Amino acid sequence: MIDRYSWWEYVLIYVGLALFLIFALAPFFEAFLVSLRPLDGLFSIPYRFFTDDMSFDAYISMWKSVPLLWRYMLNSFGVAVAVTLFGLMAIVPAAYAFARFEFKGRDALLGVFLAVNMVSGAVLIIPLYKVMQGLGLLNTYFAMIAPGTAFVIPTGIWLLRSYLMKIPRELEEAALVDGAGRVYTLVRVILPVAMPGIMVVAIATFIAAYAQQFLYALTFNSVNELNTLPVGLFQFFGRQNVVWNEMMAASLVGILPVMIVYVFLQKYIVAGLTAGAVKE
Amino acid sequence: MGQLSMRDVRKSFGTAEVIKGVSLDINHGEFVVFVGPSGCGKSTLLRMIAGLEEITAGDVTIDGKVVNDLAPVKRGISMVFQSYALYPHMSVYENIAFPLRVEKIEKDALDAKVKRASAILKLDERLKHKPGQLSGGQRQRVAIGRAIVRDPSVFLFDEPLSNLDAALRAEMRVELSKLHGELDATMIYVTHDQVEAMTMADRIVVLDGGVISQVGSPLELYHKPANIFVAGFIGNPKMNFMPVTCLSSTEKSITVSLPNNAEVTVPVVASGGVVKGTELTLGIRPEHVLPHAGEARVETKPTVVERLGIHTVIYATQEDTDAPFVSLLPGAAPVAVGKAAHLGLNGADCHLFDTDGAAFERDVALSDVDPSLLTQ
Ligand SMILES: Nc1ncnc2c1ncn2[C@@H]1O[C@H](COP(=O)(O)OP(=O)(O)O)[C@@H](O)[C@H]1O
Ligand SMILES: [Mg+2]
């Protein structure tokens, strides 16, 4: 590939990226340091980042301080996976329809989807509570999964639609001429070609699903065993003090599934998978 | 099998009519080329035959059956797209096999058909590759392979060579002509390139603004263009046009005076006779311009001279009118930019068009076209 930038542009780009990385990673770094230090020394003045008494003790003791911690993590992961799967089941066909078909009110509907994103989930908590109560779904996993799914769908449709619109129409027309029906074409041609886009949406959805759990679990659930990690973490707030080091350790372990999912899925995000489909 | 006809076929996108009543009969085994400038509706017409575009009015009939409402696959056609439209995630083998997989053809038969197609197209070595690993010419071949594997009675090509470089294009032209001979199928081929049309077609259909301007064999179109549009479109460099005035006419010829008052008698059918003083347009192909000879002389000043070895193309302006005049002289013609060139033309080589642009029929026997004049 030809260099598109001159050297000073590269310097600017990398300085920018470095700054961004520092800002993005600093909280994780600090959380990690806190998780390694004994509770007593945490608030020493002057503040010190590195001390001699660092250890991984908190990563062991946390399981005893909050006995159901593993269960919360499992719940969080399960709810996020369910939200992602159910979400994609709606996102993929909807995004395809919005990308390919002309129908009445299409653009208006897309606008509404965008508007939904601007409403905070918190605004809807009380009506949602009433709905869940009416359906008798309070204190079930479903109470966390259903509203979570509803919230990730609009963004997912927007993301995937723009990707699908870039897939050349001639690919579908070729399949049509070859005798393939709509569903066959979607499954055998469009989905494989769209896989990188679907993976991006899946990752974004999973992260969103993981991040949004606090509110739903807190309000729609009062059964301890069903709680998700963000709510479970509150048990590190003791009566007298907050067990900061264990809480940070649990938070970091709680992030691991997101990282694993990311690493696992990102290999499918291969740029240039459509290379050779059509002329440039 | 492979007979196709269109009856007053029309297509509108919203209020814009794009195909304005096309009627045409294509016989089995013919190689028909739709040619015309960009936007004249070639692709639209082809896609209507394919079943990818709804037919607003009129009928398309394939092998005696009206196919207007049939799905593409039921029409017995297959199509090669300008962009190839290969399935990028599938191997060459799977790309070619795709239509057979849809048909759920038995495994051994499928394999045999794919192998046969890949042998014809010299793709045997590439069957395991993905389209992304192939060159443009190979991708084009895969697209053709996917089309022939179904044994359609009509092949549709939409500018299949326009993404290839000039050398490969020339090579693929020959291969497509060969393929046409081998497959004994009807082929309809869309292009904006008159060289492709002239070299491959049994019959050329010239489209202009959604209507058929002329249908004929390459030599008919070259020697007897029906109107100014076809005359200007077929042939390279383009035909020269100049306004002339009718001096007299007989049943078999019209005598006109050129802008520089030179006179020439053009042998054309003028059965009704043409009134003296009528304004007409005279056309003369650059390759028919003569150096230092001809019944009528044209004095020109060359502005650009292209020497191609086999011939010399001279872009010049006419002395009296400053109108452009292009000539193509054999070999290394003794001309230079800025130095007056004395050229001339014979009436028998000229074309005459009335004020509406319609041609007077020329009285010529159709002879072979010098192929060197068509290379680009
Ligand atoms: N889907 C469409 N909607 C509206 N106008 C179209 C559509 N497809 C083609 N056209 C118009 O029809 C005309 C002919 O197009 P096309 O058949 O693609 O021309 P060509 O293939 O000869 O270049 C063009 O003016 C084009 O803008
Ligand atoms: Mg076209």
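## Contact between the chains

Three salt bridges link chain A and chain B, where a salt bridge is a side-chain nitrogen of Lys or Arg within 4 Å of a carboxyl oxygen of Asp or Glu. One pairs the side chains of R146(B) and D178(A), at 3.7 Å from N to O. Six residue pairs, both at pLDDT 80 or more, are in polar contact between chain A and chain B. A polar contact is a pair of N or O atoms within 3.5 Å; within protein, one must be able to donate a hydrogen and the other to accept it, and residues adjacent in sequence count only if both atoms are side-chain atoms.

On the side of chain A that touches chain B, helix 7 (169-177) and helix 8 (182-211) each supply at least two residues. Helix 7 of chain A gives the most, with seven residues. Helices (H or I, at least four residues) and strands (E, at least two) are DSSP runs, numbered from the N terminus. In total, 22 residues from chain A and 27 residues from chain B are in contact, meaning heavy atoms within 4.5 Å. The two chains bury about 2,100 Å² between them, 64% of it on carbon and sulfur atoms; this is the accessible area (1.4 Å probe) lost on being put together, summed over both.

## Basis of the model

This is a predicted model: local features need pLDDT of at least 70, side-chain atom pairs count only at pLDDT 80 or more, and totals for chains, interfaces and linings use all residues. Residues are numbered from 1 along each chain as its sequence is written, chains are lettered from A and ligands numbered from 1 in the order in which they are written, and side-chain values use heavy atoms, with hydrogens and water left out.

## Helix 7 of chain A

Buried residues (under 20% relative accessible area, 1.4 Å probe, protein chains only; exposed is over 50%, partly exposed in between) in helix 7 of chain A are L171(A), E172(A), E173(A), A174(A), A175(A) and V177(A). They pack against helix 3 (69-100) and helix 8 of chain A, and against helix 1 (42-50), strand 6 (77-80), helix 2 (92-103) and helix 4 (136-148) of chain B. Just after helix 7, G179(A) takes a positive phi of about 100 degrees.

## Ligand 1

Residues surrounding ligand 1 (a heavy atom within 4 Å) include F13(B), V18(B), P37(B) and S38(B). A backbone N or O atom of G39(B) lies 2.7 Å from an oxygen atom of the ligand. For K42(B), a polar backbone atom is 2.9 Å from a ligand oxygen.
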